[in-house]
Amino acid sequence: MLDVSVRKRQGDFLVDAAFNSPAAGVTALFGRSGSGKTSVINMVAGLSRPDEGRIAVNEAALFDSAARIDLPMDRRRCGYVFQDGRLFPHMTVRANLTYGMKLVPAARRVIAFDDVVGMLGIGHLLDRRPARLSGGEKQRVAIGRALLTSPRLLLMDEPLAALDETRKGEVLPFIADLPRHFAIPVLYVSHSLDEILRLADTLVLMDGGKAVAAGPVEDVVGALHLSGAVDAAEAGAVLTTTVEAHDPAHHMTLLAFPGGRLSVRRMDLPVGAAVRVRIRAGEVGIGLSPPRDTSFQNVFPAVIRDIGPPQDGQVDVRLDAGCTVWARITTRALETMSLRPGQVVHALVKSVALTRADVAGHEAPPPQRAAG
Ligand SMILES: Nc1ncnc2c1ncn2[C@@H]1O[C@H](COP(=O)(O)OP(=O)(O)OP(=O)(O)O)[C@@H](O)[C@H]1O
């Protein structure tokens, strides 16, 4: 278990954040700029000292003001990957990597050089200096250097933020595989919902210095929708589904979820694989009866739970289809259809975005849009 409960005044800003998460997989700290994400991760690393609180990884206290524990950075055994890599420019990649390793007594080295180099695909770069690496290669080396300190927790503060989309796509699968491959929990700061949906198991939503929600990603995404922590275009639902069957004749795959089935573009995954999908509110409409003449492949019954406040002529409607799905419709449609809470309707899903296909331990494909 990763246990964080910290209080610190920084000028006018008060960090007062408490959350815990399983010390396994990726825990993401998510929130708007200035919400306190970096402040929290820096306190975990030992780069900044809370006024009071407790930080523990699997019962090992790194900081505990009541017990007067404040381990120095090197004894916290946290690997840290920064946004800008921070490699030593005068050293080769090999020297950068072994630098991290030599910081740790040989008896405590549980992660092997060859394993890290092989897993990150950086064997051909070992004799180069950082100036001759691409941004994505630099970040892979920075991750390798952090791993080779055999940390008990890997901290990553926006490690992809400085990369373009292509480079991000290169590095992201490595980060996704880290926790399982090396059995290391990762605490990951990002303000990109796409990244978080690809990577995270647990989501901590930060707002105004506080952790306002924490839990499995699928649960907390509902809170994101309500809190305004994501832009309207990004808001929606995230569901974990299971591959139920393939329809090779139509190049489709059927995904089972609590409300029924979703039909998406064919995925190369075995039946039974767990797949995380995202259904943006703007991609969902509402019908009073199941439409017969439509190209929509994904239509399922649902009950209206809430109708949000109107904004720019649109409202978000919270639907219960065995799990929460949001639909964004016009206020005019709301009035002409006389929609109200408790009513049984049909959700019409225009498209489903696949965000992660390894929830049950399978390889993650690149994100793709699937016609629905
Ligand atoms: N040393 C400091 N002294 C005073 N205020 C600080 C200090 N460090 C951070 N702050 C303030 O604390 C708040 C939270 O900053 P923090 O960097 O933790 O946010 P963040 O969520 O990581 O933001 P971003 O996504 O932009 O990196 C900000 O208002 C910032 O100005």
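At what angle do the axes of helix 5 and helix 6 cross, and within what distance do they come? The points below start there.

Before that, some ground rules. This is a predicted model, in which local features need pLDDT of at least 70, side-chain atom pairs count only at pLDDT 80 or more, and totals for chains, interfaces and linings use all residues. Residues are numbered from 1 along each chain as its sequence is written.

1. The axes of helix 5 and helix 6 cross at roughly 15 degrees and come within 9 Å. Axes here are lines fitted to C-alpha atoms, for helices over the stretch in contact, with angles running from 0 to 180 degrees between N-to-C directions. Helices are DSSP runs (H or I, at least four residues), numbered from the N terminus. Helix 5 and helix 6 are therefore roughly parallel to each other (angles under 35 degrees count as such, and those over 145 as roughly antiparallel). Their crossing is right-handed, that is, the near helix is turned clockwise from the far one by less than a right angle.

2. On the helix 5 side, this contact uses G135, G136, Q139, R140, I143 and L147, and helix 6 supplies R167, E170, V171, F174 and F182. Residues are in contact if their C-beta atoms, placed from the backbone, lie within 7 Å. By class there are 5 nonpolar, 3 polar and 3 charged residues. Here Ala, Val, Leu, Ile, Met, Phe, Trp, Tyr, Cys and Pro count as nonpolar, Asp, Glu, Lys and Arg as charged, and the others, Gly among them, as polar.

3. Helix 4 (residues 113-120) also packs with helix 5 (residues 135-147): their axes come within 10 Å and cross at roughly 155 degrees. That angle makes helix 4 roughly antiparallel to helix 5. This crossing, too, is right-handed. V116, V117 and L120 of helix 4 meet R140, I143, G144 and L147 of helix 5, a set of 5 nonpolar, 1 polar and 1 charged residues.

4. Now the domains: domain 1 spans 2-230 and domain 2 spans 236-371, with bounds from an automatic or database domain assignment. Their C-alpha centres lie 32 Å apart, and 10 residues of domain 1 are in contact with 15 residues of domain 2.

5. Which elements give two or more residues to the side of domain 1 that touches domain 2? They are helix 6 (165-182), helix 7 (193-199) and helix 8 (217-227). Helix 8 gives the most, with 5 residues. This side of domain 1 divides into 5 nonpolar, 3 polar and 2 charged residues.

How values were computed:
Parallel < 35°, antiparallel > 145°, perpendicular 65-115°, else oblique. Contact = placed C-beta atoms within 7 Å.
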